Amino acid sequence: GINAEYGEAVVSTQSTGKQWYQRRVRGLLKMKLFFCTVLLLLLVSLGQGSGYNKVLQFPRDVSIENYVLLRPDFTDVQEELSICGWMKFYRTDGNRYWFSYATGRIDNQIIFGDSANGQHFLNDQMPGSAEDFATFTWHQTCFTWSSASQYEELYLNGQKITEEFTPAGSKVPTNGTLVLGQEQDSLGGGFDLGKRLAGKSTDYRS
């Protein structure tokens, strides 16, 4: 099972436009699924049949209490996974993070934020592009990795922006915490006001 703890992030009902979901990075669905049952229930189940998609809304208020915390079991995705999500940032300065997976040993196992140069996988910064994310505009980020191929790829709005080889034998550690809307500096905490997410996120896929 998955234990979940929620801060003040608001789940709002807002159409994000079906046209956005038509643009997918081909090939990602061949990877094993990364899933968080509680998160999928938050974003999808209440909106089925309504023609709308659930949106996590992180207020602009200065607070470190706006987040979603999950404790997923990563056992099935230790050797291959893909992560996708749609973001709209109210503020961007290269330090706003929407996805943070930390373990007791390393707090930057996986982080995704508002700068193409600020993404980390297995505590290693991925090379990116010089272009940051525009505010008040929906952006899609997709990441895929396989331990067998030792290859990781990062896509922004359907365009590959970086690719890199990972060390042989790499695995995603288990027994970590996944936080949406904040960047962890310690397991499940250590939040920084300067790194909080102000904006909206939706349509997490694998």
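Guide: What follows is a short tour in questions and answers.

Guide: This is a predicted model, where local features need pLDDT of at least 70, side-chain atom pairs count only at pLDDT 80 or more, and totals for chains, interfaces and linings use all residues. Residues are numbered from 1 along each chain as its sequence is written, and side-chain values use heavy atoms, with hydrogens and water left out.

Visitor: What makes up the secondary structure of the protein chain?

Guide: Two helices and 14 strands. Both are DSSP runs numbered from the N terminus: helices are H or I with at least four residues, strands are E with at least two.

Visitor: How do you know that Cys84 and Cys142 form a disulfide?

Guide: A disulfide is a pair of cysteine sulfur atoms within 2.5 Å. The sulfur atoms of Cys84 and Cys142 are 2.1 Å apart, so the pair meets that cut-off. A search of the whole structure finds one disulfide, and with 120 degrees about the S-S bond, the link of Cys84 and Cys142 is right-handed.

Visitor: What does the pair of Cys84 and Cys142 tie together?

Guide: Cys84 sits in strand 5 (residues 80–89) and Cys142 in strand 10 (residues 138–146), so the pair ties together parts that are 58 residues apart in sequence.

Visitor: Why is Cys142 called buried?

Guide: Buried means under 20% relative accessible area, exposed means over 50%, and partly exposed is in between (1.4 Å probe, protein chains only). Cys142 has 1%, so the label buried applies. Cys84 is buried too, with a relative accessible area of 7%.

Visitor: Which strand holds Asp203?

Guide: Asp203 is in strand 14 (residues 199–205), and with a relative accessible area of 8% Asp203 is buried. The C-alpha atoms of Asp203 and Cys84 are separated by 7.8 Å, although these residues are 119 residues apart along the chain.

Visitor: Why does Thr162 count as buried?

Guide: Thr162 has 9% relative accessibility, which is under 20%, so Thr162 counts as buried. Thr162 belongs to strand 12 (residues 159–165).

Visitor: What is Thr162 in contact with?

Guide: Contact means heavy atoms within 4.5 Å. Leaving aside neighbours within four places in sequence, Thr162 is in contact with Pro127, Gly128, Glu152, Glu153 and Leu154. The side chain of Thr162 also reaches the backbone oxygen of Pro127 at 2.3 Å.

Visitor: Where is Thr166 found?

Guide: In the loop between strand 12 and strand 13. Thr166 counts as buried at 9% relative accessibility. Not counting residues up to four places away in sequence, Thr166 touches Phe121, Trp145, Gln150, Tyr151 and Glu152.

Visitor: How do you know that strand 4 and strand 13 pair?

Guide: Two strands pair if DSSP finds at least two bridges between them. Strand 4 (residues 68–71) and strand 13 have three bridges in the antiparallel sense, so they pair. Leu70 stands opposite Leu178 in strand 13. Strand 6 (residues 97–102) and strand 13 also pair in the antiparallel sense over three bridges, with Val179 as the bridge partner of Ser100.

Visitor: Which way do the residues of strand 13 point?

Guide: In strand 13 (residues 177–180), Thr177 and Val179 point one way and Leu178 and Leu180 the other way, and all are buried. In a regular strand the side chains alternate between the two faces of the sheet.

Terms used
Polar contact = N/O pair within 3.5 Å; in protein donor to acceptor, adjacent residues only side chain to side chain.
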